[in-house]
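The entries follow the order in which I worked.

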Amino acid sequence: MGGGRWRRILSGLWRSVAVWAVSTVTMLLLAGLLPDFQLQSDNGDSATQIAVTAAAGAGAFGLLSSLVWPLLVRALLLVPALVLGLLVFFLNGSLLLIALRITPSGGGAAAPETAVVVAAVMSAVASATGGALAVRDDDAYRRRLYRLADRRRRRSDGRPGPSTPGAVFLQLDGVGHDVLEGAVRKGLMPTVAQWLGAPTGNGNPPRSGRPTHRLTPWRTDWSSQTGASQLGILHGSNHDVPAFRWYEKDSHEVMVCNRPTSAAELQRRAIEYTGDGGLLTVDGASRGNLFSGGADQLALVLSVAARRGRENRSRAGYFAYFCDPANAVRTAMSFVAEVFRETGQSTRARIDKRRPRVKRGGLYPFVRAFATVVERDVVVAAVIGDMLAGRNAVYADLVAYDEVAHHSGPRSRDAEKVLERLDRSLALIAKVAEHAPRPYRIVLLSDHGQSPGETFLTRYGLTLGNLVRAGCGLPVPRRAQRTHSGAEARAAVRAALRRPVEEGGERHRPSRRSEPIVLASGNLGLISFPDVAHRMSREEIDRRHPALLSTLANHPGVGFVLVRSEEHGGLVLGAHGAEAPVDALDDAHPGPLADFGPGAADAVRRTHSFPHVADIMVNSWYDPGEGEVLAFEEQIGSHGGLGGAQARPFLLSPVGFSAPVEDGGELVGAEHVHRVLRRWLRECDGPQVPLPARSDERAA
């Protein structure tokens, strides 16, 4: 046995003894501080006996955690992640009670609630001690990572890792191009600043000379949201995804991008439309995404979450992370801390009477904690595992910023704190890349940005649904009736119904079945009439509801309306009677789309061609000067339509890759981003041609 191997064995033994010793001391301290936790019998023990009991208890607890914990987590894989995070404390406490019972002296005892606290503290201390000792010097850390990578390869096929680079695509959900630049300038993201060769904060120069990455903005489709963008990026097509949620008349169903059954159907359609399995079909991994991208390695992927039995490999990501009791306790404690952090931040916002503001009570603190802690920890750990395994391509979505920015605002201090924590995750991944069995090129990108602004309801006192009902002459709540917008809509209906009826026609009397379905996707509204099988034309809508389109187009909170005209095809309606055929609009002649910037006409024209576009598409008002929109949902940072930063995400790529676009060119649409990423995989000697989808994906 070589000297190097002996040194590694002795080093590992030393770390184990050190962790055991620190755990023993921790248990002794807790026994002195907590009245319901004792390490001596009722008859009293000597100091030596108490110390022996603590040492035996700490050793038994560590051994049980190593042996029993992975089995418990595997048995609980079908438990929802939120519940599993809370069970961590109770399961750890149970292991501690067992450890105290099996100690030779049998003198240890603790109340159940105290055992939970003691186990949590001991796991956290043991994790911190082991981690500090493991990374005490770079050489030891590098050797540990290489041993882990070699072990993983031997478990797979025994072949050494390839010498060609792999690619890691990290998606910072909802982080716009301007927000990223601002975070770098403020020193919130030193890792990104280092990649760009920019000062890392407080005026400090970059630690390296030349930049290693280039920053490129890109423009989303009209539907500026994760479902459309990620489907296009991972599967090469977001055809017929008009919004985050929409009604399909042929199936009489509402599609929602973050619903597992809808995500699976959208992925199936994209595979059928393109004929290939996706970006990650060759030795790829998909982590924390809505769609699989054709990857075989999955964790927290929504499109497979609806599957039952062994076909659902997405939940295995929880086991890979939570089988380590230290990970489980650390994440659970961070989860609780995040709940209290959100509660404190929302309370301060109410006390300070900040505007705009939305409600942040109920289950939201727990939803936020899951997005910012559990999802982040599990996804980052999965990405690190993929890199140590030498996978060819990894795509991961970190949703923390998007969740917080919706409720706190995209440029709020709350959101900036999340960016700081995300940057630390990027630094960890970059550090692991240095020790992976193959070189890795890290690409950072976002799927959309967010536009600030108060909600439509806050400004006008009624929802888009109430405005539509008023424009149709349908009953609305009394509160909505008393608003200025509601009164104007009712007046318009009365004026319109006094017009003579065309010969041979008759007034439409709304029935329950013919009431419109109104859905919101950020600042994009969709209105569908479910009793009409086809997409209604402007002429049909005017005959049925003569005041509806004018009520919407002339409302100050509406930017423009898209409908189908029997005479002109797609027709964009604006305020004061402005209207223009979609085919006649471009950047030089934007018509009612003038405020929405370059590319708006192309985005609207493309969406108009979708089979499942709504009867009426409504985009909210947009202020180009302030960059604000009016969300039809309860969000003060929104995305989903046109207007402002929501349609301007970023692509941060290594300079070793070819430029995303030629000088002077624009990166437009998620499908264009997919083609760029596929080209970069070819440059890494990845997949040369699109590969067909596996049979299980086609049948998903």
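**Entry 1: Salt bridges**

I counted 31 salt bridges, a salt bridge being a side-chain nitrogen of Lys or Arg within 4 Å of a carboxyl oxygen of Asp or Glu. I noted that this is a predicted model, in which local features need pLDDT of at least 70 and side-chain atom pairs count only at pLDDT 80 or more, while totals for chains, interfaces and linings use all residues. Residues are numbered from 1 along each chain as its sequence is written, and side-chain values use heavy atoms, with hydrogens and water left out. As a general point, side chains of opposite charge can pair when their charged atoms come close.

**Entry 2: Asp 276 and Arg 678**

I looked up the salt bridge between the side chains of Asp 276 and Arg 678, with 3.0 Å from N to O. Asp 276 lies in the loop between α9 (260-274) and β7 (284-287) and Arg 678 in helix α22 (residues 670-683), so this pair ties together parts that are 402 residues apart in sequence. Helices (H or I, at least four residues) and strands (E, at least two) are DSSP runs, numbered from the N terminus. Are the two partners buried or exposed? Asp 276 is buried at 7% relative accessibility, and Arg 678 is buried with a relative accessible area of 7%. Here buried means under 20% relative accessible area, exposed over 50%, and partly exposed in between (1.4 Å probe, protein chains only).

**Entry 3: Arg 421 and Glu 338**

I found that Arg 421 and Glu 338 form a salt bridge through their side chains, at 3.8 Å from N to O. Arg 421 belongs to helix α14 (residues 413-433) and Glu 338 to helix α11 (residues 325-351); the pair links distant parts of the chain, 83 residues apart. Both Arg 421 and Glu 338 are buried.

**Entry 4: Arg 544 and Asp 531**

I then turned to Arg 544, which forms a salt bridge with Asp 531; their closest N and O atoms are 2.9 Å apart. Arg 544 lies in helix α19 (residues 538-544) and Asp 531 in the loop between β13 (524-528) and α19, so the pair ties together parts that are 13 residues apart in sequence. Arg 544 is buried, with a relative accessible area of 13%, whereas Asp 531 is partly exposed at 22%.
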